[in-house]
Amino acid sequence: MSKLKSSENSSGASNRMEEIISLCKRRGFVYPGSEIYGGLGGVYDYGHYGAILKNNIRDSWQKSMIQDREDIYLLDSAIFMHPTAWVASGHVGNFDDPLVECKKCHNRMRADHILESFGISADKMPIDFINKELDKLREEKKLKCSNCGESDIAEAKKFSLMIKSNFGSPTEALCEENVVYLRPETCGGIYLQYKNTIDSLHPKLPFGIAQVGKAFRNEIAARQFIFRTREFEQMEMQYFINKKDTKEKYDMWKEVRMKWYLDNGISADKLTWYKHEKLAHYASEAYDVKYDFNCLGGFDEVEGIHARGDWDLSQHSKFSGVDLSYYDEESKERFTPHIVETSVGLNRLFLMFMDFAYTEDNLGGEKRVFLKLPKKLAPIKIAVFPLLRNKPLLVEKAKEVYDLLRKDYMCEFDDNGNIGKRYRRQDEIGTPYCVTVDFETIEKPARPDEDSGRSGGDNTVTVRDRDTGNQERIKIEELSEYFKKQF
Ligand code: GAP
């Protein structure tokens, strides 16, 4: 994993990672996949709050691509595609990572990551180069297994990241005739539906097609929690352009995407651009957005912006025999559009937001952990409590408030335990506001000279702010207006 700088030392980072993993499990965000069977490496399930948070991140991305723009169309293509499509894209032949295995404990490691940890750039380098560099480390007795420390490490070999499945009878052996692949990236479906999009929606260049969906890679080292998993979700957008506009549109997308992170509350000092020097043979430019992960000890990739040229449409045209060129009515030219791609992992963004939001402070002399999630991403926007669960009038009024607010916001009703515990629980899931119905709400004001205008109480509730712990009293009938201003 390449690091630009480290914001915490490695034990600090691994502690933070442990704290995030523990909170995710304890509070119903992310669970290890198949845990009751001992787990399944690199596979995670999202619980109630995690699934809502993930959807909120997705919605923010989708809104910025679809609702806020007029030039992008949404697609939801199938995971399975014709197997020849992955031959055309080069994935069947070339989508692999260099694998090394410890001969003692059989721990599998990414050889390029080992070299990078010694400052040797190995991104997309041929296997011969990687083995020569590993030999040098071997001679210097620096090559060691990351698991058991043993130095007997086998030579590197190519390991395909494509996950195979098969169509047809489940009893048939997996053979080349019925093999299908679980897509390793979502953009493949976009290229295959480029023609139908043109024919049905008639967009003019430049235009984009965006989609969110599952992708699968047989990662060698699926570690670092949800940073690198074997099943994950991507949010990708392919922008079809005339070749002459590549620089302008590439720069535009860099700007648009960086703004998305800032608009979603990530501070500028936690983000940086990383320029790829070694490019895929079809690419003319590739930058990554890197975020400074506290839980990983430094900057790492969250998103790639790639200028892909006309590689994808040309290859699919060649392999399918279908003309995928575009006729530009203004210039009267026919050409194959070039593509600028934005590609981001939804689960990786989830980890980024968790890492950014995880905060420890002292409130009222008590240590607390809270998630300072941007309000619009928080899974629960408002929690509503009756002060005491055994006072029917309080419970009834709190339910009324809850029913009022849940029409517009994702709310939660909680009457379990004392108020302090309920605040802590909501802090840990990042709920921006807690509303409490107490005796002032339902009973006459204490001072007889104060006229509430109501016989049952002053109809106010306390609204507590997650970040400051400050509380204010708001009239129930003004709550909707109040929260409209907050969200
Ligand atoms: N279509 C281009 C493409 O897929 P990529 O750099 O391989 O490019 C793009 O992937 C993004 O997808 C990455 O920046 C990362 O956020 C996410 N991603 C890739 N592999 C992943 C994995 N194994 N687990 C989680 N996210 C992953």
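**Notebook: a helix pair, a ligand shell and a loop**

I began with a helix pair and found that Met-17, Ile-20 and Cys-24 in α1 meet Leu-351, Met-354 and Asp-355 in α11. I noted at once that the model is a predicted one.

**Entry 1. The helix pair.** I sorted the residues of this contact by class: 5 are nonpolar, 1 is charged and none is polar. I recalled that two packed helices are described by the angle between their axes and the distance between the axes. I therefore looked up both values for this pair. Helix α1 covers residues 10-26 and helix α11 covers residues 346-357; their axes come within 11 Å and cross at roughly 105°. Angles of 65 to 115 degrees count as roughly perpendicular, so I recorded α1 as roughly perpendicular to α11.

**Entry 2. The surroundings of the ligand.** I next asked which residues are the closest to the ligand. The shell holds 20 residues, and the closest are Glu-185, Glu-236, Glu-301, Val-302 and Glu-341. By class, I listed 10 charged, 5 polar and 5 nonpolar residues in this shell.

**Entry 3. Polar atoms at the ligand.** I then looked up individual atom pairs. For Glu-301, an N or O atom of the side chain is 2.6 Å from an oxygen atom of the ligand. For Glu-236, a polar side-chain atom lies 2.6 Å from a nitrogen atom of the ligand. Taken alone, the ligand exposes 560 Å², of which the protein buries 91%.

**Entry 4. Elements of the shell.** I asked which elements give two or more residues to the shell around the ligand. They are β10 (231-241), β13 (298-309) and β16 (338-345). Strand β13 provides the largest share, with 5 residues.

**Entry 5. The loop between α8 and β9.** Finally, I turned to backbone geometry. I kept in mind that most residues other than glycine have a negative phi, and that most peptide bonds are trans. In the loop between α8 and β9 I found His-202, which has a positive phi of about 50° although it is not a glycine. Pro-206 is found in the loop between α8 (194-201) and β9 (207-216) as well. Is the peptide bond from Leu-205 to Pro-206 cis or trans? I recorded this bond as cis, with omega near -5°.

Methods:
Residues are numbered from 1 along each chain as its sequence is written. This is a predicted model: local features need pLDDT of at least 70, side-chain atom pairs count only at pLDDT 80 or more; totals for chains, interfaces and linings use all residues. Side-chain values use heavy atoms; hydrogens and water are left out. Axes are lines fitted to C-alpha atoms, for helices over the stretch in contact, and angles run from 0 to 180 degrees between N-to-C directions. Helices (H or I, at least four residues) and strands (E, at least two) are DSSP runs, numbered from the N terminus. Angles under 35 degrees count as roughly parallel, over 145 as roughly antiparallel, 65 to 115 as roughly perpendicular and the rest as oblique. Contact means heavy atoms within 4.5 Å. Ala, Val, Leu, Ile, Met, Phe, Trp, Tyr, Cys and Pro count as nonpolar, Asp, Glu, Lys and Arg as charged, and the others, Gly among them, as polar. A residue is near a molecule or strand if one of its heavy atoms lies within 4 Å of it. A polar contact is a pair of N or O atoms within 3.5 Å; within protein, one must be able to donate a hydrogen and the other to accept it, and residues adjacent in sequence count only if both atoms are side-chain atoms. Accessible areas come from the Shrake-Rupley method with a 1.4 Å probe; for residues, only the protein chains shown count as cover.
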